[in-house]
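Please examine the sequence and the three-dimensional structure shown here. The paragraphs that follow lead through selected features one after another.

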Amino acid sequence: MRIDVVMPQLGESVVEGVVAKWLVKAGDAVAKDQSLVEISTDKVDAEIPSPAAGVVVEILAKEGETVPIHAVIARIETEKEAAIPAEAPPLKAPWDEETEGFPGAMARRTEPPLPSHPPVEPSKTPPKPPPAEGTRVRISPVVARMAAEHGLDLSGIPGTGIDGRVTKKDVEEYLARQAAAPPVEKAPPAATAARPAPSGLPEPEGDQVIPFTPIRKRIAEHMVMSKHTSAHVHTFAEVDMHRVAAYREAKKKEGVSLTYLPFVIWAAVRGLREFPVLNASVSGESTVIRKAIHMGIAVDTDRGLIVPVIRDADKKSLLELSRAVEDFAARAAAHKILPDELAGGTFTITNPGPKGNLFGTPIIHQPQVGILRLGQVVKRPVAVEVGGEEAIVIRPMMYLALAYDHRIIDGVAGNGFLFRVREILEAGDFPR
Amino acid sequence: MQVTYIQAINQAMHEEMARDGNVMLLGEDVGVLGGAFKATEGLLEKFGAERVVDTPIAESLIVGAGVGLAIQGMRPILEMQFIDFISCGFDQIVNMAATLRYRHGGQTACPIVVRGPCGAGVHGGLYHSQNPEAWFFHVPGLKVVAPATAYDAKGLLKSAIRDDDPVIYLEHKFLYRRIKEDLPDAEYLVPLGKAALRKEGRDLSVITYGSPVHAVMKAAKDMAGEIDIEVIDLRTLLPLDWATVRASVAKTGKALIVHEARRTGGIGGEIAARIAEELFESLDGPILRVASKDTHNAFAATLEDYILPNQEKITEAIRRLAAY
């Protein structure tokens with residue numbers, strides 16, 4: 001007996017449907033309820049199940065054809081013993097108008113062709129050709145994000161959602177399994193390896209892309225933030241270091257080796273006591289004058305610059321400052337500086353060392369308002385007055401550069417502070 | 001003692017009228033009869049005809065008089081015998097009460113509460129089944145409250161009476177005598193603008209309020225072994241407690257919104273839009289709604305079942321969303 005397959009009414013107000021795709025062809029044997037055809041209406045998309053077991057003998061509607069409801073679109077010859085329904089049951093819509101666009105339809109891997117082609121204004125650029133059939137996988141926004149974050153290839157993750165969609169749970173379970181797997185398997189994280197060149201441009205041959213380490217990322221953010229935050233002004237002093245040099249020599253004979261840095265710290269601390277507005281921070285629309293002087297010292301490491309802090313630097317002797325600097329340098333090289341030691345600075349001194357060049361213009365370490373930079377100490381002929389006579393002598397000279405935040409520090413205080421530091425260093429009145 | 005939802009509402013008014021001599025009540029049959037549903041029982045006897053006023057059948061008068069009284073320093077509770085007829089007082093609420101503070105540069109408040117029985121499920125037909133929250137949800141200056149439990153009904157009504165802005169207080173008549181619970185002896189308030197997390201879950205978030213809270217909770221319980229559902233009872237619709245909704249959907253990645261009011265133009269649409277706007281990258285499925293069909297409610301019980309959301313429809317939506 002031949003049974004008609006008709007276009008069902010999918011929704012109360014629907015009067016026609018489009019044959020999107022035939023899943024069988026004439027001559028195919030089909031089981032009862034086997035999907036015969038995908039149809040598409042302006043309400044829902046659905047697959048029509050076979051009303052009976054048998055053989056498809058006729059297909060009466062072409063793909064893309066619009067057919068009124070209840071029209072016959074195919075015929076099936078039933079097997080002899082097959083139970084035959086008195087009438088092909090009208091297909092129940094999988095979901096009514098309340099839930100049109102429901103998950104089943106949304107999770108389909110392939111889209112049926114559009115029912116009609118309404119005239120539309122073409123966009124400026126032609127649309128991209130659709131990706132090849134069968135390779136499209138529908139994923140939700142959260143799964144897309146997680147895949148990007150963890151550098152996952154979703155095709156390798158079994159999906160348990162509708163139509164095999166990879167769900168958030170599937171990704172979570174996959175990540176948990178990965179984490180539990182032996183270390184060999186988790187090898188270099190794909191996310192890092194697959195990260196594109198920063199510019200988004202194709203990577204030229206031979207260029208090396210080094211993703212930011214966390215410390216580099218923090219430095220980068222902090223530097224830009226500081227430039228955006230403070231009104232940087234720079235001022236420079238040329239310091240005659242011959243008394244400092246003489247003191248160092250004297251100490252060396254006693255077996256104590258001192259660098260220039262502790263002297264500058266010692267002088268700066270005294271300068272800050274006289275110009276407290278430089279030992280301050282900005283909080284909202286207030287200036288906070290800090291009582292304690294906690295001196296940050298910029299130290300280079302193979303992972304980037306860090307700034308450990310000498311607490312209460314004003315209460316420390318020259319020798320103690322020297323020891324603190326040496327201790328920081330040693331521990332920074334071994335990556336043994338504790339996080340607490342990096343916090344709470346009120347002013348910063350940066351010393352690029354013997355190769356520090358003439359001078360530089362440092363960036364303020366937020367939320368502080370000043371930073372002092374040592375230049376290279378070089379011997380230079382300078383004009384001096386000796387016993388009422390002018391003379392040219394050779395002296396170890398150093399440029400000190402001060403960056404200060406012009407929001408709260410005016411030139412008088414900024415210049416005054418640096419001038420005072422110079423005076424202290426040149427006076428050489430260090431404790432014996 | 002077990003207190004029903006309607007008794008909780010009655011208690012709230014008794015307590016607030018005793019506490020504050022400026023609190024008064026206006027409405028149709030609220031005095032001698034004690035209210036069509038007996039929500040205002042005992043108030044006339046206790047507080048007298050000056051503070052408990054039987055009005056003509058004219059909602060615009062009730063709200064209009066209430067606005068005037070509020071300007072003069074009173075805190076009127078205005079009962080709509082059925083909330084369906086709040087539309088007769090619509091102009092007074094939307095154009096007068098809601099704008100008063102704005103028109104006077106913040107110098108005048110309008111502390112009125114417009115309360116009345118909303119909702120369907122009791123075969124009330126077209127004029128005794130409505131859920132009008134969406135009309136007021138669109139209006140700045142108003143607050144809209146829809147309690148689902150006796151505890152909240154009392155605590156929210158007391159807060160609404162004490163609030164300086166006009167509050168639309170929607171009490172669901174289906175819940176009036178169907179739910180009861182022990183209430184604290186001590187006085188308490190439930191803050192406006194704060195949702196309640198009724199159940200924690202990991203798989204999906206159901207955001208609901210009013211009568212459907214109970215159907216959702218039952219569905220969540222019945223499916224406990226199968227799907228782990230988080231349930232948010234909004235309690236206050238305006239201002240919406242977005243922080244609670246956001247935290248939940250960000251966690252589960254799936255959201256179903258259930259309300260008894262009609263689907264099109266309902267509050268669920270706004271919540272869904274906001275989720276899509278702010279939580280797009282957290283979503284692991286489509287945002288779904290279960291709501292009344294877009295028609296007027298029917299008398300016939302079978303048709304009413306067809307139109308309204310119920311546990312079966314909610315369960316089906318939850319299953320589909322969980323499987324997505």
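In α8(A), the residues Phe263(A), Val264(A), Trp266(A), Ala267(A), Ala268(A), Arg270(A), Gly271(A), Leu272(A) and Glu274(A) meet Phe417(A), Arg420(A), Val421(A), Ile424(A) and Leu425(A) of α10(A); contact means heavy atoms within 4.5 Å. Helices (H or I, at least four residues) and strands (E, at least two) are DSSP runs, numbered from the N terminus. Helix α8 covers residues 260-274 of chain A and helix α10 residues 411-427 of chain A, and their axes come within 9 Å and cross at roughly 135 degrees. That angle makes α8(A) oblique to α10(A), since angles under 35 degrees count as roughly parallel, over 145 as roughly antiparallel, 65 to 115 as roughly perpendicular and the rest as oblique. Axes are lines fitted to C-alpha atoms, for helices over the stretch in contact, and angles run from 0 to 180 degrees between N-to-C directions. The crossing of α8(A) and α10(A) is right-handed, a term used if the near helix is turned clockwise from the far one by less than a right angle, with anticlockwise being left-handed.

This is a predicted model, in which local features need pLDDT of at least 70 and side-chain atom pairs count only at pLDDT 80 or more, while totals for chains, interfaces and linings use all residues. Residues are numbered from 1 along each chain as its sequence is written, chains are lettered from A and ligands numbered from 1 in the order in which they are written, and side-chain values use heavy atoms, leaving out hydrogens and water. For the complex, the predictor gives an ipTM of 0.71 and a pTM of 0.54. Chain B has a mean pLDDT of 97, with 100% of its residues at 70 or more; pLDDT is the predictor's confidence in each residue, from 0 to 100.

Chain A also holds an open sheet of four strands in the order β1-β8-β6-β3, with antiparallel pairing. Two strands pair if DSSP finds at least two bridges between them. At the edges stand β1 (2-6) and β3 (29-30) of chain A, each with a single partner strand, so one side of each is left without a neighbour in the sheet. Two bridges pair β3(A) with β6 (residues 54-59) of chain A, and Ala29(A) stands opposite Val55(A) in β6(A).

In chain B, an open sheet of five strands has the order β9-β11-β10-β13-β14 and mixed pairing. Its edge strands, β9 and β14 (288-292) of chain B, each pair on one side only. Strands β10 (residues 204-208) and β11 (residues 229-233) of chain B run parallel and are joined by five bridges; Ser205(B) has Glu230(B) in β11(B) as its bridge partner. Helix α9 (residues 242-252) of chain B packs on the sheet and touches β10, β11 and β13 (255-262) of chain B.
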